[in-house]
Amino acid sequence: MLTLQLRELEKESLVKRTVYAEVPPRVVYELTAIARELIPIWKQLDEWGGKHREMMQAQETTEA
């Protein structure tokens, strides 16, 4: 499943896949420049998610 997701991200030019001809084989994935532009957005979503989770937990505590 992880391989399928990584291949899809590679197809969308969000990750770069580098294969090294070594034994054992080694593959490295890295974010492309366009994907790195998303990092601030991901951070904002993470912050929002944390606030939302705290709000929901507080609400559950109040209702209990």
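**Charges, then the rest**

I started with charge: the mean positions of the 9 positive and 11 negative charges of the chain lie 8 Å apart. Lys and Arg count as positive, Asp and Glu as negative, with His and the chain ends left out; each charge is placed at NZ of Lys, CZ of Arg, CG of Asp or CD of Glu.

A note on what I'm looking at: this is a predicted model, where local features need pLDDT of at least 70, side-chain atom pairs count only at pLDDT 80 or more, and totals for chains, interfaces and linings use all residues. Residues are numbered from 1 along each chain as its sequence is written, and side-chain values use heavy atoms, without hydrogens and water.

Next I looked up the fold. I found 3 helices and 2 strands, in the order α-β-β-α-α along the sequence. Helices (H or I, at least four residues) and strands (E, at least two) are DSSP runs, numbered from the N terminus. The radius of gyration is 19 Å, well over the 11 Å from the globule rule for 64 residues, so the chain is more spread out than a compact globule. That radius is taken over C-alpha atoms, and the rule is 2.2 Å times the number of residues to the power 0.38.

Last, I checked Ser13. I found Ser13 in the loop between α1 (2-11) and β1 (15-20). Leaving out residues up to four places away in sequence, Ser13 touches Thr32 and Ile34 (contact means heavy atoms within 4.5 Å). From Ser13 to Ala33 I get 9.2 Å, C-alpha to C-alpha, with the two 20 residues apart in sequence.
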